[in-house]
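Student: Please take me through this model in questions and answers, with the cut-offs stated as we go.

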Amino acid sequence: MNTQAASTTLDRAASDAPGLAHLVAAAEVGAPEPDDEIPLYAPRRKIYPQSTHGLFRRIKWAVLIVTLGIYYLLPFVRWDRGPNAPSQAVLIDFPSRRFYFFFIEIWPQEVYYLTGLLILAAIGLFLMNAIAGRVWCGYLCPQTVWTDLFFAVERLVEGDRREHMQRDARKWTVQTWARKGLKHFIWLMIAWWTGGAWVLYFADAPTLVRDLATGQASIVAYAWIGILTFTTYALAGHMREQVCLYMCPWPRIQAALTDEYALNVTYRYDRGEPRCSVKKAEQLRAHGEPAGDCVDCLQCVHVCPTGVDIRQGASLGCIQCGLCIDACDNIMAKLGRPTRLIAYDTDINVKLRIEGKPSIYRLVRMRTILYAAIIALAGSVMIYTLATRGSEGISVIHDRNPMYVQLKDGTLRNGYTIRIVNKQLKYRDFLINVDGLPSTLVEFVGLPPRADGSQQLVSVGPDQTKEVRVVVTDYSTTPPAPSASILFRLTDINSGDVAEMRDHFFGPGGE
Ligand code: SF4
Ligand code: SF4
């Protein structure tokens, strides 16, 4: 944060607490004159995040292990769907145009489930934001998870913050180069595994692994592994916080969506200011002057993966990972002072405490209720439709030209293209009837008549769709309205399962 922004934070603190007024004066004394020559581009400052330990670090380790474990291992989980069907639990099967997710199979015409999932994901993100700010960014975002893993490798090979900085500042030796080489090699291996795991979601994983190892996989698979290896290595290894600061739109959207009751990682300046050393604090207190709990040790800044000083207030750079809470808690514990000088809190509560009033936490409010209700509604609709959807489907497209044909005897004919879907893993014979007109005949174009003269059947193979041309003839003596609504009914002649679709039958004047 620049000096002007820091001054604003202090202004706010000072207006809330008379005891902080001297900080404002100090900031103003040390503040440079407004500079019209401030460059528009700030060169990147290399960040060496220090390791820490505590509750939020443990949560982040747990999330990292679970999410990466799922990502790398899920393609190898098997799911028995019977013969003629893939046995991979999660599979995006482009050649067959299917998405398999355990017991759920999504066909291309059911892509609205994907829309539903995107709605759930977006509203879920809004709900998280309304409750605890950028909790997604701090714990679950792939950029955060992979960067965290790359930081862990960096610390393992090049040492923690101080050691790493000293090594980089000294003249580089063969050992320095060797360490850097080893780090980049491990990063590339992780990136390669990441790209490798990605392509396994698009084909049978064990088969593809064997093909990749023997050089028999398609060029597309190798290309995607190369692309994802490069992007993972570049984004998590080199660009790191730059992605969060400059590339990701979510911090800007999140800032517009949040409200004053959302919990955010907050420096409790009501308790921390005026910051001073332990010794100075004792002296100030002995003279009856205020002294805060912050000892200005900068541990909260040193552990921050984006290099933010949380004491300067909320900023787009803070991904809300909570590591500064752990760092400060460790310092407070060593000093024998209460922990949570930095904590999930709100600015409103800081102000209330300055006024001597109790803190308020409003997790249940109109926007959280609304988001939860939308999630519940969209989720219920998706579950209901998934549970009740049939294993057959029909879609109908009316011929555009001509809309109808009138025969010499006055009867009318309309033509349709009908697509029949068989989602079962066996052959099925279907009958198609039409309701809505007094007397109709349905004929399939190009299919042979049945030997006994009964109505034609359409046979559809296992897990397949079939397109047929259909002519519907109206033999009724009364001419239909220019446009009559009719119902196509598809019936499995063995199981009796039915799927229906409405369309129109046109006559003169109905085009
Ligand atoms: S300021 Fe704290 S919560 Fe924000 S990114 Fe840095 S360490 Fe994480
Ligand atoms: S870690 Fe705590 S005590 Fe140290 S500078 Fe940060 S807020 Fe102050």
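**Sheets, ligand shells and salt bridges**

Student: Which residue in β2 is the bridge partner of D93?
Tutor: This is a predicted model, in which local features need pLDDT of at least 70, side-chain atom pairs count only at pLDDT 80 or more, and totals for chains, interfaces and linings use all residues. Residues are numbered from 1 along each chain as written, chains are lettered from A and ligands numbered from 1 in written order, and side-chain values use heavy atoms, without hydrogens and water. Strands (E, at least two residues) and helices (H or I, at least four) are DSSP runs numbered from the N terminus. In β2, V90 has F101 as its bridge partner, and the partner of D93 is R98.

Student: How many bridges pair β1 with β2, and in which sense?
Tutor: Two strands count as paired if DSSP finds at least two bridges between them. Strand β2 covers residues 98-101.

Student: Which residue of the β1-β2 hairpin takes a positive phi?
Tutor: The hairpin has four residues between its strands.

Student: What does R98 meet in a salt bridge?
Tutor: A salt bridge is a side-chain nitrogen of Lys or Arg within 4 Å of a carboxyl oxygen of Asp or Glu, and the model has 35 salt bridges by this rule. For R98 the N to O distance is 3.4 Å, with D463. R98 lies in β2 and D463 in the loop between β11 (458-460) and β12 (464-474), so the pair ties together parts 365 residues apart in sequence. The side chain that R98 meets is that of D463.

Student: Which strands are at the edges of the four-stranded sheet?
Tutor: The open sheet has the order β11-β9-β13-β14 and antiparallel pairing. Its edge strands, each pairing on one side only, are β11 and β14 (498-506).

Student: Which residue in β14 stands opposite S485?
Tutor: Strand β13 (residues 483-492) runs antiparallel to β14, and nine bridges join them. Opposite S485 stands H504.

Student: Where does ligand 1 sit?
Tutor: Residues around a ligand have a heavy atom within 4 Å of it; for ligand 1 they include C304, C318, C321 and C324. With Ala, Val, Leu, Ile, Met, Phe, Trp, Tyr, Cys and Pro as nonpolar, Asp, Glu, Lys and Arg as charged and the others, Gly among them, as polar, the shell has nine nonpolar, three polar and no charged residues. A cavity is a set of points, on a 1 Å grid over the protein atoms alone, where a 1.4 Å probe fits but cannot get out, and a molecule sits in one if more than half of its atoms lie within 2 Å of its grid points. Ligand 1 sits in the second largest cavity.

Student: How many charged residues does the shell around ligand 2 have?
Tutor: Among the residues around ligand 2 are D296, C297, R311 and C328. α15 (299-302) and α16 (323-335) each supply at least two residues of this shell. Nine residues are nonpolar and one is polar, and the number of charged residues is two.

Student: What is omega for the cis peptide bond joining E273 and P274?
Tutor: P274 is in the loop between α13 (269-272) and α14 (278-286). Its cis bond with E273 has an omega of about -5 degrees.

Terms used
On a 1 Å grid over the protein atoms alone, a cavity is a set of points where a 1.4 Å probe fits but cannot get out, and a pocket is an open set with protein on both sides within 12 Å along at least five of seven lines; lining residues have an atom within 4 Å of a point.
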